[in-house]
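Open the model in your viewer and keep the selection panel at hand. We will go from one stop to the next, selecting a few pieces each time.

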Amino acid sequence: MRYEVIGPMAERFDEVLTPEALDFLVALDSEFAARRVALLDTRRARRDRYATGQLPDFLPETAGIRADPTWRVAPPAPGLVDRRVEITGPTDRKMTVNALNSGAKVWLADFEDATAPTWHNVISGQLNLIDALDRRIDFTDPRGKRYALGEELATIVVRPRGWHLVEKGIAVDGRPISASLVDFGLYLFHCARRQLDAGAGPYFYLPKLEGHREARLWNDIFVFAQRYLGLPQGTIRATTLIETITAAFEMEEILYELREHSAGLNAGRWDYIFSVIKNFGQWPDFVLPDRSEVTMTVPFMRAYTELLVSTCHRRGAHAIGGMAAFIPSRDPEVNEVALGRVRADKRREAGDGFDGSWVAHPGLVDTCRAEFDAVLGERPNQLARLRDDVSVTAADLLAVDKTPGQVTAAGLRSNIAVALRYVDAWLGGTGAVALWNLMEDAATAEIARCQVWQWLHHGTPLADGGCVTEDLVRSILAAELTALTTGREGTERDRAEQAARIVEDTALGEDLPAFFTTGAYARYLRPNRKPDLSAG
Ligand SMILES: CC(=O)SCCNC(=O)CCNC(=O)[C@H](O)C(C)(C)COP(=O)(O)OP(=O)(O)OC[C@H]1O[C@@H](n2cnc3c(N)ncnc32)[C@H](O)[C@@H]1OP(=O)(O)O
Ligand SMILES: O=CC(=O)O
Ligand SMILES: [Mg+2]
């Protein structure tokens, strides 16, 4: 097999893209690329079945795994015993230093929801991880602010991109390679030994899995990679995000497949909501109210998190909570509301038995820690707290019609504005942004554009009068585009117009595309350093 590096070699990229590291990626690709493609076909077929009215259920063929009380996942690895606060964020240099110094126990170094997958972001992110482990990442920014690693650093857990994405910057036999394999493979190749030397290990978060066969693929990749690199089997640890409705029916099986390498499950709430709309959005019983009303306490979300905690603890695995999207604000009143919402969210999670949770911003670390401290005290986790009181059925997981709330004109406008502005930022190379006091990333933007599609598809009535029509959506999109482009010239203006086209293509069509990122990446993000504005 022949590889070709298509992305340009910026300064020091040769330290990441060494011949040996590229050989490793090729070995991963030749062993696993076909299985990835087959699993993506399975995803499509499953979605087609849901389109004909079938609903998911717990699998009869794996009932034995669920009924067997004897198996457990591996005990927590060094650095992953106490995970009461985890900060997430992209891997640019400043965020890397800030996240590692934030006081959180874990940093989820994100190549997924929080990163726009430009070639530059992907490779420089890997370089930053290497530099952080070598403690040569300190720098002074143009404002004169000094960034330097402190003494007590968060444990790094890398989240590679999901199976749906490819990386065009590296081709194997003329095809773009799987983005998951690039992010996983480069990090493992360069950083596994560095992490072991530092007393931790190569740890991962696995995003957007749709079932246990995808977990089995990851497990087989881990076994192969450890053998290839001479690492003891079981060195890698992975926390799987349960962020699709289909994976919610296979939590036990996912833990089982990965058990030697598993570090638990995480409640990826935003992609979860996206997945519910994506899979069942065409059915009237699944129409959701305004995004702000789909909270963690509505019945179908509550069922999902309760099942997650009880499943994890029965198997000795960490249950990690999700992201409250509120971020600190410089406006004291707004800030107080945001902190209050985050506090309530983390209090509920700690009380429910989660072992820790996520924050999106260093300013929220203390809030999250205080809530988990109040429940955990000196204990590093609450794995011993079995939730035998929990009993969740398939109907509970699918009780979307019990979600209270309304669809409003403001909710529709907000979704259109968020989708447009987020996609615009993403095309410009930024994968997480603050919009109207909320953290928005790929998962939340997917909800926004899918809700527009869903309401349009059903001609959903608006609580304020009228209903959602194509004319209405187009007129709001046009107004939001005007607002966004005011004062912009040239390529900046072109980028906003591209973003509007992406929103149109992925929210206004007859069919609902599975991800906006796949088409937008194929068409607009070229593996050159600057976003390519000549496409379309
Ligand atoms: C659905 C999911 O998957 S959730 C997980 C994926 N999403 C994320 O990880 C989002 C992470 N959060 C972020 O990217 C950022 O917080 C944003 C974009 C939402 C807001 O960032 P900003 O606009 O820079 O916020 P703000 O100005 O308040 O930041 C203050 C400081 O904190 C830093 N900071 C903010 N968030 C983070 C973070 N997550 N990690 C590290 N540093 C951070 C900023 O870099 C800034 O540093 P500086 O003072 O040295 O310049
Ligand atoms: O990745 C997390 C999510 O909520 O989505
Ligand atoms: Mg997600």
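Start by selecting β1 and strand β7 (residues 166-172): three bridges join these two, which run antiparallel. Strands here are DSSP runs of E with at least two residues, helices are runs of H or I with at least four residues, and both are numbered from the N terminus. Two strands count as paired if DSSP finds at least two bridges between them. Zoom in on Tyr3, whose bridge partner in β7 is Val172.

Before moving on, a word on conventions. This is a predicted model, in which local features need pLDDT of at least 70 and side-chain atom pairs count only at pLDDT 80 or more, while totals for chains, interfaces and linings use all residues. Residues are numbered from 1 along each chain as its sequence is written, chains are lettered from A and ligands numbered from 1 in the order in which they are written, and side-chain values use heavy atoms, with hydrogens and water left out.

The three strands make an open antiparallel sheet in the order β1-β7-β8, with β1 (3-5) and β8 at the edges, each pairing on one side only. On average, neighbouring strands are turned by 60° against each other, direction ignored.

Next, show α2, which lies across β1, β7 and β8 and runs at about 90° to β8. For such angles, axes are lines fitted to C-alpha atoms, for helices over the stretch in contact (heavy atoms within 4.5 Å), and values run from 0 to 180 degrees between N-to-C directions.

What does the largest nonpolar core look like? It has 139 residues, and Leu28, Phe184, Leu188, Tyr304 and Leu308 touch the most other members. Such a core is a set of buried Ala, Val, Leu, Ile, Met, Phe, Trp, Tyr and Cys residues joined through side-chain atoms within 4.5 Å; buried means under 20% relative accessible area (1.4 Å probe, protein chains only). Helix α2 (residues 19-51) gives the most, with eleven residues. Colour domain 1 (3-325 + 334-396) and domain 2 (407-524): both give residues to this core, so it lies between them. The domain bounds come from an automatic or database assignment.

Last, centre on the magnesium ion (ligand 3), coordinated by Asp113 (OD), Glu243 (OE) and Asp271 (OD) at 2.0 to 2.1 Å. Donors are N, O and S atoms within 2.8 Å of the metal (3.2 Å for Na, K and Ca); water is not among the atoms, so sites may look incomplete. Asp113 is buried at 3% relative accessibility, and Asp271 is buried with a relative accessible area of 3%.

Conventions. Buried means under 20% relative accessible area, exposed over 50%, partly exposed in between (1.4 Å probe, protein chains only).
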